[in-house]
Amino acid sequence: MQANPQYLQAVLPFLIPLGSRLSVEENNYWVSSNGDFAIGFFTRSNRYSIGVRFSSRSIPVSKQKVVWVAGADLTVGDKSYFQLTKSGELVLFDSSTGVIAWDSNTTNSSVASAILRDDGNLVLLKGNKDIVWQSFDNPSDTLLPGQNLSASRMLRAASRNSVSSYYTLYIDALGQLLLKWESNVIYWTSGNPSESHVQAALRSDGTIHLLDRNSRSVWSVLGGDHHDPDVKFRILRLDVDGNLRLYSWVQSSTSWISVWQAISNQCNVFATCGLCGICVFNLSGSPVCKCPFTPMSESNAKCLVPYRQNCKSGSSMDMYEHTLVYGIYPPNETIVRSSLEQCKRFCQEDPLCTAATFTNDGTAECRITKTRYISGQSDPSLGSISLVKRCSDPIAVLPVLPKSPLSSPPYTAQEGSHKLCVPGLVGVAVGTVITFFVIQLGIGLYFYRKRITLRKNAALTHVRPIADVFIMLSFTELESITENFKHQLGRNMYKGMLPNNRPVAVKALNAAIEERKFRCAVSKVRSVSHKNLVKLEGYCCESGHRYLVYEFARNGSLRKCLDDAKLCKKLTWRKRMDACLAVARAISYLHAGCREFVSHGNLKCENVVLDDDLEAKVGEFGLGTVISELSNGGGSAGKDVQDFGKMVVALVSGRHTTNDALKWAYQKWAGAQVAEVVDKRIQGGVDLDNLERAMRIAFWCLQFDERMRPSMGEVVKVLEGALAVDPSPPPFALETPPGEEEESLGSDPEP
């Protein structure tokens, strides 16, 4: 926050009347009566946020920490303003989008004024000074003395980059204070399980407490300087590295000093290194991230296990003593009791295993990891041994041939000699053997090709079901089963009929895709199986032709059903929400459930089909990496999440998700007119709670800043109702160039 030298003379009265406004351009502030706190705009990544910060003259401007932010990571444009409206609502107007980005939702609550209290709490008051709303009830990543964290709230750390996950601090149903990574990894717990714990509190004396319903302390922790009368300012913050710390302002050193932290060893914070390797301590005792498995560079800033299931030359196991590794995407592992040698053999023989950690702390255990995305730690105090699998280096062994006879002196037989010409006999013998093997090889190749041809024809002509057979078709055979591509299902998609009368869908792709990469992508897609993913049944890869053969869905694509007046009536509200959840589960499986990350790259209604029961299945997945070389297609998790958000809006509204349609939907939702977004053709009514949940998560998915988008695992939990979701800021993704969302990856013109 840029300080204004004259702001103390220019501030509004301490009691903030209705209609008062702060703006980026004016750089004005509201301050507490003691001058210790101020609320105003501050810069963040070339944009602006509104928040409460320390403003005491005893703290230099550069060290005046922000303790509360409206909308958490929300940022706005350079002509934005923050206002207490005449209707008694705090609103943050974003000049870059022209909409209200955040509000206190207090319209018609009889708000008469606001005040920034001396403890840093921004409060909305009625005429009789009753509290209507307060920032202390809506924390971001910091608690101030006197502020309580209730069981329904959480502290959420900021994200360091696009791949770091969010860390949260919250109180569970048993009243324990927990630190959690993503949605399911608990890495720190405090307090004793008891439903009587209802809130956590930071006190001015430097102590942290869990309080029961009668505000009695049932658990506490002391800061290193607790009860020190010289310490005036303290904060409890969940930092970006996932550790919870208590800070005190030390005037003598003019700095914030950590006087307590939840996890003393930073390397014990789950995934503290993210995808940058394992946590170790350097010579100065500071934690750093290193990648002992594979070299990293600016172009490849991820530390991945150097093993893939399809490595052709076998694999080997590298041993790392005093090291513990674990998977983070997904954070799952299989634990079995075994010896070190058995642990090594288990991983070596399991094609899905990428790494294993053997521990023997009284009970010998082997922890099997099945993802390339791993993290961990290494320290001499650790008794564990980690085994990391890698593909063996390819071996190219050529036979050592004897020197040419021309390089040796010629053999001259003496006249009348009866000695055998040994080199001559050897040459004749070798020539005979080579000739024999060449003839045998030719005969073998003939019968091999004949057998392959017969098998391929049998795969097409056999009358029994061949659901488990993966077929490779020639272009001529494709023309036959599609009747020369007569029945078009969609863009570059055609209906075919196998000789056993089983229908299939044939997708034409860009013929310029390199054969090797196309076959590799096909092999990868074929290995992925999920109930909500369309099964790949075969392919065609000939010169000038690239086709995929999928299972057939009788109800066609989701877009077709939404556009067809008759079919659309079948899509009740329940069916639409089921479709959202099915697609979310499928994409979540691709991102975190496969042995390695798989992106969709082109998720849209046209690529989701409905079976006989109108159950959604996602098709055309896993090809973005190959096709992106020929188009603007992407292969990131963030793009899939963004595309999913567009699909949710399409299912709710029935409209094509153009930029204008998305902006219209957001404005209606933000303006409390969400009912107007709902497709009027839906029969049987709409569940308003589900509608609000769906719209909230959709607009979180559409955030321009990829770091603010949820993971697909979180999306699934929200749609299932297992995870709450706050209202989102404006989806800046609406600035996407027009038409981009309608493009199809790597498709050829119709044949």
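Which residue does a disulfide join to Cys291? The partner is Cys303, and the two sulfur atoms lie 2.0 Å apart. This report describes that link and its surroundings in a predicted model, beginning with the chain as a whole.

## The chain as a whole

The protein chain has 751 residues, of which 48% are buried. Its secondary structure comes to 13 helices and 41 strands. Contacts between residues at least 6 apart in sequence were also examined, and 60% of them join residues at least 24 apart. The chain exposes about 36,900 Å² of surface, and carbon and sulfur atoms supply 53% of that area.

## Disulfides

A search of the whole structure finds five disulfides. When the bonded cysteines are counted along the chain, the pairing pattern is 1-3, 2-4, 5-6, 7-10, 8-9.

| Disulfide | S to S distance | Torsion about the S-S bond | Handedness |
|---|---|---|---|
| Cys267 and Cys279 | 2.0 Å | -65° | left-handed |
| Cys273 and Cys289 | 2.1 Å | about -90° | left-handed |
| Cys291 and Cys303 | 2.0 Å | 80° | right-handed |

The link of Cys291 and Cys303 connects distant parts of the chain, 12 residues apart, and both cysteines lie in the loop between β26 and β27 (315-321). Cys303 is buried, with a relative accessible area of 0%.

For the pair Cys267 and Cys279, the sulfur atoms are 2.0 Å apart. This pair also links distant parts of the chain: Cys267 belongs to the loop between β24 (255-261) and β25 (278-281), whereas Cys279 is in strand β25, 12 residues away. Both Cys267 and Cys279 are buried.

The pair Cys273 and Cys289 has a sulfur-to-sulfur distance of 2.1 Å. How do the two ends stand in terms of burial, buried or partly exposed? Cys273 has a relative accessibility of 5% and therefore counts as buried. Cys289, in contrast, has a relative accessible area of 38% and is partly exposed.

Cys541 counts as buried because its relative accessibility is 10%. Cys580 is likewise in no disulfide, and the nearest cysteine sulfur, that of Cys605, is 9.0 Å away. With a relative accessibility of 2%, Cys580 also counts as buried.

## Nonpolar cores

The largest nonpolar core holds 78 residues, and those that touch the most other members are Leu548, Leu558, Val583, Phe644, Val652 and Met695. Helix α8 (residues 573-593) gives the most to this core, with 11 residues. Residues up to four places away in sequence are not counted, and Leu558 then touches Leu571, Cys605, Val608, Val609, Leu610, Met647 and Leu651. A second, separate core has 35 residues, including Leu22, Ile50, Trp102 and Tyr247.

## Helix α13

Helix α13 spans residues 712-720, and its buried residues are Met712, Glu714, Val715, Val716, Val718 and Leu719. Which elements are included in what covers these residues? Among them are β15 (154-156), α8, α10 (637-653) and α12 (688-701). After α13 comes Gly721, whose phi is positive, near 85°.

## A buried serine

Ser49 lies in strand β5 (residues 47-54). With a relative accessible area of 1%, Ser49 is buried. Where does the side chain of Ser49 find a polar contact? A polar atom of this side chain lies 2.6 Å from the backbone oxygen of Leu74. Leu74 is also one of the residues in contact with Ser49 when neighbours within four places in sequence are left aside; the others are Gly40, Phe41, Phe42, Arg44, Val69 and Thr75.

Terms used. Residues are numbered from 1 along each chain as its sequence is written. This is a predicted model: local features need pLDDT of at least 70, side-chain atom pairs count only at pLDDT 80 or more; totals for chains, interfaces and linings use all residues. Side-chain values use heavy atoms; hydrogens and water are left out. A disulfide is a pair of cysteine sulfur atoms within 2.5 Å. Helices (H or I, at least four residues) and strands (E, at least two) are DSSP runs, numbered from the N terminus. Buried means under 20% relative accessible area, exposed over 50%, partly exposed in between (1.4 Å probe, protein chains only). A nonpolar core is a set of buried Ala, Val, Leu, Ile, Met, Phe, Trp, Tyr and Cys residues joined through side-chain atoms within 4.5 Å. Contact means heavy atoms within 4.5 Å. Accessible areas come from the Shrake-Rupley method with a 1.4 Å probe; for residues, only the protein chains shown count as cover. A polar contact is a pair of N or O atoms within 3.5 Å; within protein, one must be able to donate a hydrogen and the other to accept it, and residues adjacent in sequence count only if both atoms are side-chain atoms.
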